[in-house]
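I opened a new notebook page for this structure. Below is what I looked up, entry by entry.

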Amino acid sequence: MRLPEWRTRAACRGRLDLDFIDPADEQIDQCRVICTECTVRELCLAEALTTGEAWGIWGGLDADERAAIAAQAGHPAPAIRPTHGTNARYAKHGCRCTSCTHAHAEYERERRARVRARAQGPWARPIVLSKPVRTGGRWASAGQYVLPLLGVPTPGEQATETGRFVSVA
Ligand code: SF4
Ligand SMILES: [Zn+2]
């Protein structure tokens with residue numbers, strides 16, 4: 001594939017010591033410094049914006065910064081990259097920022113709870129609720145038969161706002 005002519009003038013050309021596409025955290029600032037001195041910075045940024053480039057430092061900006069500009073200028077949003085604070089960003093994109101790490105821990109807690117619930121078996125005996133229970137934004141009324149399946153707290157448990165179940169005295 002032939003590269004656009006401007007790339008031959010890129011300040012990052014030949015900088016094999018720096019990974020502009022997937023820079024390690026400690027390299028990001030070094031990349032940005034090189035971009036500030038680059039004569040084709042605007043062309044580089046424009047290409048990343050028009051193609052919705054999801055990775056790396058282009059024109060001195062990272063994907064989140066480009067997403068902000070893209071939203072204002074009507075460019076395509078950088079290709080589907082989950083936002084920070086999601087397990088997908090943690091698991092598929094390797095982000096280890098505090099909010100992604102937290103989201104991942106939460107996800108894992110819920111996944112283990114689902115595994116435990118499933119281990120009880122889908123044919124567990126139905127139970128009758130002794131009092132109304134809120135589950136996933138809906139109320140199950142007292143007297144209602146429910147199966148102790150995924151997403152339904154057993155008696156003595158109450159769903160929290162995050163969807164987890166906690167014991168209630
Ligand atoms: S702006 Fe940065 S990433 Fe783009 S060509 Fe220049 S040095 Fe490379
Ligand atoms: Zn993150």
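**Entry 1: Ala48**

I began with Ala48, which sits in helix α2. Helices here are DSSP runs (H or I, at least four residues), strands are E runs of at least two, and both are numbered from the N terminus. I noted that this is a predicted model, where local features need pLDDT of at least 70, side-chain atom pairs count only at pLDDT 80 or more, and totals for chains, interfaces and linings use all residues. Residues are numbered from 1 along each chain as its sequence is written, while chains are lettered from A and ligands numbered from 1 in the order in which they are written.

Is Ala48 buried or exposed? Ala48 is buried, because 23 other C-beta atoms lie within 10 Å. The cut-offs I used: buried means 20 or more other C-beta atoms within 10 Å of the residue's own, exposed means 12 or fewer, and partly exposed is in between, with C-beta atoms placed from the backbone.

I then looked up the contacts of Ala48. Neighbours within four places in sequence aside, they are Glu53, Trp58, Gly59 and Arg66. Contact means that two C-beta atoms, placed from the backbone, lie within 7 Å. I also checked Ala48 against Ala70, 22 residues along the chain: their C-alpha atoms are separated by 9.8 Å.

**Entry 2: helix α2**

**Entry 3: the core**

I listed the largest nonpolar core: Ala10, Cys31, Cys35, Val40, Cys44, Leu45, Ala48, Leu49, Ile57, Trp58 and Leu61, 11 residues in all. α2 gives the most to this core, with 4 residues. Such a core is a set of buried Ala, Val, Leu, Ile, Met, Phe, Trp, Tyr and Cys residues joined through C-beta atoms within 7 Å. In soluble globular proteins, nonpolar side chains tend to be buried together.

Leu61 is in the loop between α2 and α3. Leu61 counts as buried because it has 20 C-beta neighbours inside 10 Å. Beyond four places in sequence, Leu61 touches Leu45 and Arg66.

**Entry 4: ligand 1**

Which residues come nearest to ligand 1? Of the 14 around it, they are Ala10, Cys12, Cys35, Cys38 and Cys44. A residue is near a molecule if its C-beta atom, placed from the backbone, lies within 6 Å of it. α1 (25–36) and α2 each supply at least two residues of this shell.

**Entry 5: the whole chain**

Last, I stepped back to the protein chain. I counted 5 helices and 6 strands. From the N terminus on, the order is α-α-α-α-α-β-β-β-β-β-β. Of its 169 residues, 13% count as buried.
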